[in-house]
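Please look over the points below with the structure open beside them.

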Amino acid sequence: MNINEIRAQFPTLHREVNGKPLVYFDNGATSQKPQSVIDRITQYYTDENANIHRGVHTLSQEATSNYESARKTIQDYIGASSEVEIIFTKGTTDSINLVAHSFGELMQAGDEVVISAMEHHSNIVPWQMLCEKKDCKLKILPMNEQGELLLDELDQLLTDRTKLVAVTHISNSLGTINDVDEIIRKAHNVGAKVLIDGAQSVQHLDVDVGKLDCDFYAFSGHKLFGPTGVGILYGKRELLEQMPPYQGGGDMIKEVTLEKTTYNTLPHKFEAGTPNIAGGIGLGAAFEFLSKLDMSALVEHEQDLLDYATEQLEKIDGLKIYGTAKTKTSVVSFLIEGTHPYDVGTLLDKLGIAVRTGHHCTQPVMQFYNIPGTIRASFAFYNTREEIDRMIAALDRIIPMLKD
Amino acid sequence: MDTITEKEEAIIDEFSIYDDWMDKYEYIIELGKDLPLIDDDQKTEDKLIKGCQSRVWLSAEKRDGKMKYTADSDAIITKGIIALLIRVLNNEKPEDIAKAELRFIKAIGLQEHLSPTRSNGLVSMVKQMKMNALKQVS
């Protein structure tokens with residue numbers, strides 16, 4: 001496996017920023033796109049554009065077939081048992097909101113939802129809204145200083161009123177890989193369903209929803225080398241069948257009269273309106289790109305980047321890493337004593353290095369550590385040790401400027 | 001006394017000697033370090049302008065017909081830019097402040113810090129400085 005050959009397929013990685021070659025360490029926010037995905041979207045709009053489903057003309061049938069074949073590619077990749085379990089959404093946030101709305105309709109006052117202390121706002125707010133609307137109770141699974149969930153405490157939180165446990169597979173701000181197998185097992189023991197927020201996972205881990213036995217799995221296309229504005233909700237078929245639709249409109253109906261509507265079958269029941277066709281096809285291309293790679297070798301490379309960055313960063317005086325779990329993906333969040341993340345991020349950018357600063361949409365995690373935010377470097381498999389060296393050299397230059 | 005525009009021109013002039021980004025920022029950071037601080041006990045909620053990335057405290061009053069501003073931030077680059085804004089707007093008449101266009105920010109290449117999406121409190125601070133001045137005009 002040659003990282004340079006992989007890098008060569010990502011045009012954005014070869015541009016300059018502020019006169020310096022770009023070092024892109026903001027993969028937790030979004031990944032860059034390989035040429036094959038860009039070309040596939042261009043090809044769709046150049047040659048194949050038509051509205052899908054129910055069109056009798058050739059173009060529409062071709063577009064439908066390409067869109068549905070993307071669904072099949074994604075189903076195969078994540079190990080779902082049927083393509084009807086793959087719902088196209090706008091992204092992770094949309095997927096979670098769909099579940100909060102439609103699965104939420106099956107909940108009664110007094111029912112309980114469990115989330116964890118390290119969730120992204122998009123896996124907190126929909127549940128707060130649901131609990132307020134349905135008079136349900138939201139419980140929080142706590143974490144320790146290292147950023148590891150206290151799984152023993154889950155036993156106390158789960159009751160016969162727990163209807164859903166919604167946790168992230170990987171923390172976007174701390175990098176922790178959670179033991180979702182154990183969470184799913186424990187939740188199922190009390191009859192609760194489990195939603196896994198996989199926004200940070202499919203690009204870093206070998207995710208198989210069948211093996212996991214989770215009930216829902218939500219992720220975004222743009223973080224795994226696909227386009228923005230498209231994502232997936234995987235749901236177990238029997239659950240999706242029971243849930244009422246999310247939004248009403250075209251495509252999700254079987255028959256409409258002015259008095260009553262019957263709904264379409266899965267997955268279309270949850271896909272009202274003209275979908276993001278180019279996005280879906282582009283996401284299919286991203287999965288085709290991924291399936292050609294040796295993922296286990298790339299996971300190893302990402303672990304090497306994490307270990308190397310951690311070791312190099314720890315040498316910097318006054319630097320503290322937040323998120324030191326035993327199992328971590330390639331995300332390093334840190335602060336440097338006597339400096340503000342905004343300043344560090346601004347100056348790194350001037351040296352061509354893109355990192356993220358702030359609370360990373362996980363304000364409760366920042367409150368837990370009593371910090372305003374962090375500097376986060378998040379690596380993808382196309383990053384290199386040389387790029388980490390450049391970040392370290394840049395920090396060595398910046399820190400004396402900022403300190404008194 | 002310099003007018004607002006003259007003070008802006010002087011800043012543009014000072015910044016014209018820097019052709020490297022890092023030198024320019026080094027200068028902004030120095031300005032930030034020199035900015036008189038607001039005492040911690042004065043950093044009250046009513047003076048706080050919340051940004052997602054950095055926080056800004058601003059206090060304003062009118063003395064002898066002129067506006068007097070003091071401000072602070074937890075981020076030093078934000079503070080450096082505050083120092084420039086204060087240098088331009090301090091001791092000016094409220095009516096002049098209210099109509100100041102502050103073109104120098106763009107001219108010295110710092111407009112990204114005054115982008116609303118940057119969320120560092122600076123855009124709101126400029127608005128607040130003008131609001132404070134406007135209140136004194138009527």
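1. In this predicted model, α12(A) gives the largest share of the lining of the largest pocket, with 4 residues. Other elements of chain A that each supply at least two lining residues include α4 (92-102), β15 (353-354) and β16.

2. The volume of the largest pocket is about 810 Å³. Its lining counts 39 residues, and those closest to the pocket centre are A:Asp26, A:Ala29, A:Arg356, A:Thr357 and B:Gln53. Sorted by class, the lining holds 20 polar, 10 nonpolar and 9 charged residues.

3. Next, the contact between the chains. Chain A brings 17 residues to the contact and chain B brings 19 residues. About 1600 Å² is buried between chain A and chain B, and carbon and sulfur atoms give 59% of that area. Of the area that chain A buries against chain B, 43% comes from A:Tyr342, A:Lys350 and A:Met401, more than from any other three residues.

4. Which side chains meet in a salt bridge? They are those of A:Lys350 and B:Glu112, at 3.2 Å from N to O. The rule finds 1 salt bridge across the interface of chain A and chain B. It also finds 7 residue pairs in polar contact there, with both residues at pLDDT 80 or more.

5. On the side of chain A that touches chain B, two or more residues come from each of α12 (341-350), β16 (356-358) and α14 (385-402). The most come from α12(A), with 5 residues. By class, this side of chain A has 6 nonpolar, 6 polar and 5 charged residues.

Methods: Residues numbered from 1 in each chain as written. Chains lettered and ligands numbered in written order. Predicted model: local features only at pLDDT ≥ 70, side-chain atom pairs only at ≥ 80, totals over all residues. Heavy atoms only, no water. Contact = heavy atoms within 4.5 Å. Buried area = accessible area lost by both parts, 1.4 Å probe. Salt bridge = Lys/Arg side-chain N within 4 Å of Asp/Glu carboxyl O. Polar contact = N/O pair within 3.5 Å; in protein donor to acceptor, adjacent residues only side chain to side chain. Nonpolar A, V, L, I, M, F, W, Y, C, P; charged D, E, K, R; others polar. 1 Å grid on protein atoms, 1.4 Å probe; cavity = no way out; pocket = protein on both sides within 12 Å on 5 of 7 lines; lining within 4 Å. Points joined across faces, edges and corners; volume = space filled by probe spheres on them.
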